[in-house]
Each structure stands twice: as structure tokens, then as C-alpha cells.
Amino acid sequence: MSLNQLNAISPIDGRYRNKVDNLAPFFSEEALIKYRVQVEIEYFIALCEIPLPQLADFDNSKFDTLREIYTSFDTADAQEIKDLEKTTNHDVKAVEYFIKKKFDVLGLNTFKEFIHFGLTSQDINNTAIPLSMKEAMNAVYVPQYFQLLEKLEGLVTEWAEISMLARTHGQPASPTRLGKEIEVFVVRLKEQFNLLNDIPSAAKFGGATGNYNAHKVAYPNIDWKAFGQKFVQEKLGLHHSFPTTQIEHYDHIAALFDCMKRINTIVIDLDRDFWTYVSMDYFKQKIKKGEIGSSAMPHKVNPIDFENSEGNLGIANAIFEHLSAKLPISRLQRDLTDSTVLRNIGVPFAHTMIAFQSTMKGLNKLLLNKVKFEQDLENNWAVVAEAIQTILRREAYPNPYEALKGLTRTNEKINQQSISGFIDTLEVSDAIKTELKAITPSNYTGI
């Protein structure tokens, strides 16, 4: 059976593939292989630039030719490496052998033993993976994050003056404005993104157990730590972790996943609020011809996009949680549990991107039902009691809270007339009564 979207086990490679195919260049098996090739080639070039004595005669004009090995890398190249892996039973060694074959073709066979010189496979994996993640963040995650953020910022402005009955514990509470409630999410997202932006993309590069043992024994007079730091930071644009064991300690990647999880949690909160607003009839939803909301109830237009987003964010966060909790833990100088786990880092990214797109789709369907906002405010005049008792406190009126509690904490409906009648009974000046009567559920919305 050839793999296609209908027989894929994972929905991100099946049903949702068209929503996340832009992640494939960063998180697919082919992408991982390509990034490994890139690191190996750049490492060889860096050795030439020292130069090591045996590489002093290497023609530096061939660097661009070497880089073409990864810049022109394609599926056929990846398959060739996978075929080599069948013999080596080692994925990174297969990459080394693939590059050595390329050197043979280019007539560079006298230099090929300096491919992967002094390295362990984790020097390649722990640079290739953070490099792919960094580029995926910049190319895919950040643009979609900002697309969602800008949509919300637009709604903040559009709905800035829409007065709304707030609800705490599900009960009517001091009125607010719809735009302000969306701004709460905007600020939360921005603050977490700022934290996200400060987390370095860290990489391990230091030989079998992180000490450059092989490098130092072969060339004791070279400052290999300085070389490794320059290679990782200047060639690859990553943060060099040192000292390490055989593997990157993953503390920074854990911080990244934890921060992405918090951003996702904020979006879940947003999804649930909008889902509830739709259920309260604060919003209608745009109807698309031909769509069906229920197989049994023809009238239904369900808030499925917010539900889809919430579900995908839940899956993403569960995996982010496991990754951030598991990856920083490795027995002694290393065990292999990180290897299989790291192959899944594209999965929570994909579910997050599916969710962001679903939230955007849901937001774009919303039609403001202003009449419902106004009706809810008009039906809940009791919420101005807080304003009245606060002004009475200012005026040193005796027991104002208790007076308003007696008026409003009943099962009888409070309306403008009953509030106005209550104000008339107060022993305050006419100016204060006028001030109190000017307060309505629609204008008592704070700053």
C-alpha cells in the first residue's frame, strides 16, 4: 500500500496534511537527513578554515560545490542515505558514507576521512535538530502566530466601544467592553511571545562525551572549545552549550516547549470564551452554502472551528509537556530515549498550526449580534449597584453596601425604574441623585 492522505495513520499526515505541509521541510525524515548533511558539510569546511595541516591544500574555491550537496539535496538523495542505513544500521553513519561517495565523485577522496572527524552522532543530531526547529519557528510558527495576533488586535479596535455584560462565576457582573476583553488575550500572547523570543536555540558540539577527547588527542595545540563555539554560533547561528555530556541537555528546548504550551493554553482560553459567546448568541456565524452543521438538526451552525482548535491544542500541549519533561533527563552521560522522542517534535508543532488556523477561521466567521449585547445589559440593571454604593461610600453615606444588597439580592427583577426609585429614597443632594441616575449598564464600563 502506497502512503497517501487516506491511509496515513496520523491525521497530520492524512486529513490535515494540506494545513501543515509547510512543516515538512523542517520536521520530516528527509528534512532531518538534509540538516545532518548540512552540518557535516559545514563542519568539514570549518576544519579547512582552521586549517588542519592535512586540509591545508584543500581548494577553498570548492566550498560552494560542497554546499551544493545540501542546498540541492532532494528525495533521491535522502533515499540513497536510507538505503545505506539498511547496511550500517546507523542513520548518521549513513550520512557520512553518502558524503564520502560525493567526495569520490568530486575527486576529493584524499580528504574524505575528515568528514565527521572526531565527532559522535549527537554532534550532528544536536545541531541539526535545533537548526531545523529555529528555521521552522521563523518560517512557519512566527508568521502564523502574528497572523492570529494581528486579527485579534483588529478586533480590539473594531469592538472597542461594544459594551458587554461581564460574567464572573457565570453570573452577571460589572459591565466591560468586548474590545477590552479581547485585548486581555492580546497582551497575554505578546508577553509570552517575548519570553519565547528570549530562549536560545541551543546545540551541543563537543565529541563523544562533550570533552573534545578525539580532537585534542589528534591536535593538542588547537583550542577546540573556541572552535566549537565559533562553529555553532557563527556557522549555524545557534547557541553553543558547554559543557555537556554526550548530548545536549535540552534545558533550552524544554523552555521553548513550555512557553509554546503556555501560548497554546492562552489560545484554548480564547477558544472557550468565543465558543461560549456564540452559545450566548452574542455572535452569529457566517453561513457557507452547502455546509451542514448537524446530520440530524438542519438548523445548526456549530462553533466547530473553536472546538477543532481546542482539541488540537490539547494534543499539542500533551506532547510538548512530555518532551519538556523527558528530554532534559538522560542516564549518566547519555541514554537513547531522547533519540526516538526527538523524532516527534514536528507533531506538536503541526497540531499547534492546525489549531491557529482553526481559531482564525472561527474568528473570521463571527458576526456581531449587537442587539443581544444590549438586551443582556438592559436585563441586568442590578450590576450598577456596585457603582451606586461606591459613590455613596465617597459621600460617607451610612451602610451603603448593605442598602444596595437589600435592594438587589432578591429574586425580583431589577430594572431602570426600580433603581431610579431606590435612588429617590436616598438622603443625598439632587446633584448626587443626578450623578447616580446617569449610570447605566451600558456606560458603567470603567477605563
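Analyst: Gladly! A helix here is a DSSP run of H or I with at least four residues, and helices are numbered from the N terminus. By that numbering, Pro51 is found in the loop between α3 and α4 (63–71). Please keep in mind that this is a predicted model.

User: What makes the bond that joins Ile50 and Pro51 a cis peptide bond?

Analyst: Its omega is about -5°. There is also a cis bond from Phe242 to Pro243, with omega near 0°. Pro243 sits in the loop between β4 (239–241) and α11.

User: Why is the contact between Asp91 and Arg343 called a salt bridge?

Analyst: The criterion is a side-chain nitrogen of Lys or Arg within 4 Å of a carboxyl oxygen of Asp or Glu. For Asp91 and Arg343 the N to O value is 2.8 Å, so the pair meets the criterion. Asp91 belongs to helix α6 (residues 91–105), whereas Arg343 is in the loop between α13 (337–342) and α14 (346–365), 252 residues apart, and the pair links distant parts of the chain.

User: How do you know whether Asp91 is buried or exposed, and what about Arg343?

Analyst: Buried means under 20% relative accessible area, exposed over 50%, and partly exposed in between. Asp91 has 15%, so it is buried. Arg343 has 37% and therefore counts as partly exposed.

User: Which network of salt bridges do Asp91 and Arg343 belong to?

Analyst: The network links Glu29, Arg36, Lys82, Glu85, Asp91 and Arg343. In total, the structure holds 31 salt bridges.

User: Where do Glu96 and Lys100 lie, and what makes them a salt bridge?

Analyst: Both lie in helix α6, four residues apart, about one turn of the helix. An α-helix has 3.6 residues a turn, so residues three or four places apart point the same way. The closest N and O atoms of Glu96 and Lys100 are 3.0 Å apart, which falls within the 4 Å limit. Glu96 is buried at 5% relative accessibility, and Lys100 is buried too, at 10%.

User: Why is the pairing of Lys437 and Asp424 also called a salt bridge?

Analyst: Here the N to O value is 2.6 Å, again within 4 Å.

User: How do you know where the buried residues of α19 lie around its axis?

Analyst: The buried residues are Ile432, Lys433 and Leu436. They cover an arc of only 100° around the axis, which means they are on the same side of α19. The face turned away from that side carries the exposed residues Asp430, Ala431 and Thr434. Among the elements covering the buried residues of α19 are α16 (385–394) and α18.

User: Why are strands β1 and β2 said to pair?

Analyst: Pairing requires at least two bridges found by DSSP. Strand β1 (residues 163–168) and strand β2 (residues 171–177) have five bridges, in the antiparallel sense. Thr168 has Gln171 in β2 as its bridge partner, and Met164 stands opposite Thr176 in β2. The hairpin has two residues between the strands, and His169 takes a positive phi near 60°.

User: What makes Tyr212 and Leu332 worth a look?

Analyst: Each has a positive phi although it is not a glycine: about 55° for Tyr212 and about 50° for Leu332. Tyr212, in the loop between β3 (202–204) and α9 (213–218), has a relative accessible area of 3% and is therefore buried. Leu332, in the loop between α12 (304–326) and α13, has 73% and is therefore exposed.

User: What volume does the largest pocket have, and which residues lie nearest its centre?

Analyst: The volume is about 830 Å³. Of the 39 lining residues, Phe27, Ser28, Glu29, Arg343 and Asn344 lie nearest the centre. Helix α7 gives the most to the lining, with five residues.

Note on methods: Residues are numbered from 1 along each chain as its sequence is written. This is a predicted model: local features need pLDDT of at least 70, side-chain atom pairs count only at pLDDT 80 or more; totals for chains, interfaces and linings use all residues. Side-chain values use heavy atoms; hydrogens and water are left out. Buried means under 20% relative accessible area, exposed over 50%, partly exposed in between (1.4 Å probe, protein chains only). The arc is that of the directions from the helix axis to the C-beta atoms. Contact means heavy atoms within 4.5 Å. On a 1 Å grid over the protein atoms alone, a cavity is a set of points where a 1.4 Å probe fits but cannot get out, and a pocket is an open set with protein on both sides within 12 Å along at least five of seven lines; lining residues have an atom within 4 Å of a point. Grid points are joined across faces, edges and corners, and a volume is the space filled by probe spheres set on the points.
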